[in-house]
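Me: Please take a close look at the aromatic rings in this model. How are they paired, and what lies around them?

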Amino acid sequence: MADDYLVRIGRLIRDARQHRGWTQTQLAEALGTSQSAVNRIERGNQNISLEMIARIGEALDSEIVSLGYAGPMHLRVVGGRRLSGSIDVKTSKNACVALLCATLLNAGRTTLRRVARIEEVYRILEVLGSIGVRTRWINDGNDLEIVPPAELDLDSMDTEAARRTRSVIMFLGPLLHRMDHFKLPYAGGCDLGTRTVTPHMTALRHFGLEITATDGTYIAEVDRSVAPKRAIVLTERGDTVTENALLAAARHDGVTVIRNASSNYMVQDLCFFLEELGVRVDGIGTTTLTVHGAAHIERDVDFAPSEDPVEAMSLLAAAVVTESELTIRRVPVEFLEIELAVLEEMGLDHERSAEYAADNGRTRLIDLTVRPSKLQAPLDKIHPMPFPGLNIDNVPFFAAIAASAQGQTLIHDWVYDNRAIYLTDLNRLGAQVKLLDPHRVLVDGPTRWRSSEMMCPPALRPAVVVLLAMMAAEGTSVLRNVYVINRGYEDLAERLNSLGAQIEIFRDI
């Protein structure tokens with residue numbers, strides 16, 4: 001029995017190392033041991049202490065074994081089951097984390113409705129709590145109340161929580177108005193290759209922020225004599241870059257023009273929230289935003305973020321790959337129109353309700369019914385573009401959909417360095433995904449899915465794509481180390497089970 005556990009732990013370590021892209025030698029160097037010792041550990045031929053397992057997990061940024069706290073670790077999936085019924089789309093993960101960062105602008109009480117209870121939100125709440133912000137779940141845990149202190153205690157920041165989320169970089173915009181000197185840990189999150197923070201620095205320099213990066217920390221200095229003298233032109237039309245510029249402009253006592261801005265869903269929700277704070281934002285939904293800032297903001301506000309278009313796409317893809325009829329309610333259609341147009345051309349059988357308003361009063365929602373369809377590969381490649389193009393985070397779901405369609409599909413994920421590589425994990429489940437380069441894959445369908453046991457990819461959307469493929473595969477599959485899924489989805493396994501899936505949450509140890 002002990003030997004069996006050593007083999008299983010060794011396999012987990014091997015898979016985690018390979019997903020990180022490390023050799024045994026690189027892991028050995030991080031641990032201060034030899035390559036041969038790592039080789040013995042991975043083959044289950046060496047006794048290993050819990051301390052060593054913890055060190056390996058820290059080196060690989062992977063939860064090999066966890067003890068002493070609740071929460072899912074692995075998923076066991078009995079596939080080949082049809083889904084049925086209806087399901088509501090949860091509020092947007094990316095909007096919620098931006099809004100939590102934006103509460104640092106407000107000296108008053110902020111109430112956010114139906115906040116996604118996901119790991120990414122929990123990490124931001126841990127960081128906020130550590131610097132003195134009082135947060136509490138209210139109304140049976142559905143809503144979140146945030147009350148800031150008069151002074152933030154950045155020296156007490158929970159750096160471990162901060163390093164596990166890339167969203168902490170959006171603290172820069174609000175904090176530069178509150179203090180002249182501060183530090184932030186390097187941003188973490190998904191393993192998606194090199195994601196430069198240079199566009200953030202370039203945008204925020206207009207407000208006097210200068211950053212020095214040393215030893216895993218951003219050291220910020222603010223020159224109060226500097227203010228935007230002309231329009232800020234973002235060098236990258238990124239969502240978080242635009243949000244950081246908006247957060248900085250909101251407390252600038254003047255008018256700031258931001259050009260080449262993202263007009264994506266989370267940016268629009270942030271603009272709607274800023275308007276609740278009394279900050280006028282012109283051009284919402286366009287690439288030029290004009291912000292009429294306020295030097296001091298103190299309002300008690302109540303705001304409901306809109307639904308998540310990427311979760312809606314996830315549920316749509318679940319229906320497609322399992323050949324199910326499913327009604328997805330509260331779909332933010334204006335952020336899925338291109339995806340639906342592409343799927344229509346592929347032959348998707350679906351029906352849409354009349355449009356109605358989200359709780360923010362602005363976003364357009366529909367109820368979408370998807371039926372089993374005979375799909376054909378699209379004539380053109382699948383590739384993302386800034387809104388109103390095909391959403392960057394929805395591209396991976398087309399890999400599972402293309403694998404279910406007749407013909408060959410080219411998917412070009414030009415934004416992220418590594419993410420296309422993770423789509424080749426579908427091959428272990430029977431797909432035919434050929435990697436052309438780090439950004440492009442060819443997918444041949446249709447696929448006869450088969451069950452498998454594998455490590456969860458370290459990127460959120462590819463991880464969910466693998467889970468959906470397991471749901472389509474006859475037999476029992478195991479997806480290990482699913483923390484990354486919990487970063488972006490609330491109770492996903494339980495909610496899929498309510499539709500007829502059979503997914504069990506379990507731990508090895």
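Reply:
**Aromatic pairs**

The count comes to 3 aromatic pairs, where rings of Phe, Tyr and Trp (its six-membered ring) pair if their centres lie within 6.5 Å, and planes under 30 degrees apart count as stacked, over 60 as edge-to-face and the rest as tilted. One of them joins Tyr265 and Phe335: the ring centres are 5.9 Å apart and the planes stand at 65°, so this pair is edge-to-face. Tyr265 belongs to helix α11 (residues 265–276), while Phe335 sits in the loop between β14 (326–332) and α13 (337–346), so the pair ties together parts 70 residues apart in sequence. Helices (H or I, at least four residues) and strands (E, at least two) are DSSP runs, numbered from the N terminus.

The model is predicted: local features need pLDDT of at least 70, side-chain atom pairs count only at pLDDT 80 or more, and totals for chains, interfaces and linings use all residues. Residues are numbered from 1 along each chain as its sequence is written, and side-chain values use heavy atoms, with hydrogens and water left out.

Tyr265 is buried, with a relative accessible area of 5%, and Phe335 is buried at 6%. Buried means under 20% relative accessible area, exposed over 50%, and partly exposed in between (1.4 Å probe, protein chains only).

Phe335 also pairs with Phe387: their centres are 4.9 Å apart and their planes at 45°, so the pair is tilted. Phe387 lies in the loop between β17 (364–371) and α14 (397–403), and the two residues are 52 residues apart. Phe387 counts as buried too, at 15% relative accessibility.
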